[in-house]
Amino acid sequence: SRTAIVGDSGAATPIHGAFTVLLLCIVVNVPGQPLFNLPKACLAAIVVLAFKSLLLGGIAEAWRMVKETEFVDLFFWSLAFLMTLLAGVVPGLGTSVSVYVLFCGFEAVRDWVR
């Protein structure tokens with residue numbers, strides 16, 4: 001949800017992180033206790049609504065980026081995404097990094113042999 005807020009606010013420098021931390025400390029300490037028993041479905045709805053504008057606003061640009069991406073990069077991104085989704089974070093990233101290192105090795109040997 002932080003990414004959606006940063007995207008909506010138009011932050012241009014990394015200093016937005018300091019303001020986010022300051023605001024988060026205030027929100028957690030002041031109204032945090034009365035909202036402690038708020039159902040998680042309500043909190044999820046807040047995150048989804050914040051993410052909706054980020055998703056819908058960037059869908060055309062995301063599609064353009066996918067069309068411009070090289071197949072190899074798209075393959076490794078998809079592999080990392082699917083393996084992380086199916087096996088978890090560490091096995092997913094480990095698999096994608098391992099396959100990428102093998103790919104780079106084969107590319108280097110192929111170029112060297114030519």
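Gly 94 is found in helix α6, with helices here being DSSP runs of H or I at least four residues long, strands being E runs of at least two, and both numbered from the N terminus. The model is predicted, so to speak of local features takes a pLDDT of at least 70, side-chain atom pairs count only at pLDDT 80 or more, and totals for chains, interfaces and linings use all residues. Residues are numbered from 1 along each chain as its sequence is written, and side-chain values use heavy atoms, with hydrogens and water left out.

Taken as a whole, the chain has six helices and zero strands, so its elements simply read α-α-α-α-α-α from the N terminus on. The accessible surface comes to about 9500 Å², and carbon and sulfur atoms account for 75% of that (Shrake-Rupley method, 1.4 Å probe; for residues, only the protein chains shown count as cover).

Now for the helix pair. Two packed helices are described by the angle between their axes and the distance between the axes. Helix α5 covers residues 71-87 and helix α6 residues 89-113, and the two pack at about 155° with axes 6 Å apart; the axes are lines fitted to C-alpha atoms over the stretch in contact, and angles run from 0 to 180 degrees between N-to-C directions. That makes α5 and α6 roughly antiparallel to each other (over 145 degrees; under 35 is roughly parallel, 65 to 115 roughly perpendicular and the rest oblique).

On the α5 side, the contact (heavy atoms within 4.5 Å) is made by Val 72, Phe 76, Leu 79, Ala 80, Met 83, Thr 84 and Ala 87. Residues contributed by α6 include Val 89, Pro 91, Leu 93, Val 99, Tyr 100 and Phe 103. By class, the contact has 12 nonpolar, four polar and no charged residues (Ala, Val, Leu, Ile, Met, Phe, Trp, Tyr, Cys and Pro are nonpolar, Asp, Glu, Lys and Arg charged, and the others, Gly among them, polar).

Val 72, in helix α5, is partly exposed at 29% relative accessibility. Its C-alpha atom is 9.7 Å from that of Phe 103, 31 residues away along the chain. Gly 94 is partly exposed too, at 33%.

Technical notes. Buried < 20%, exposed > 50% of the residue type's maximum accessible area, 1.4 Å probe, protein only.
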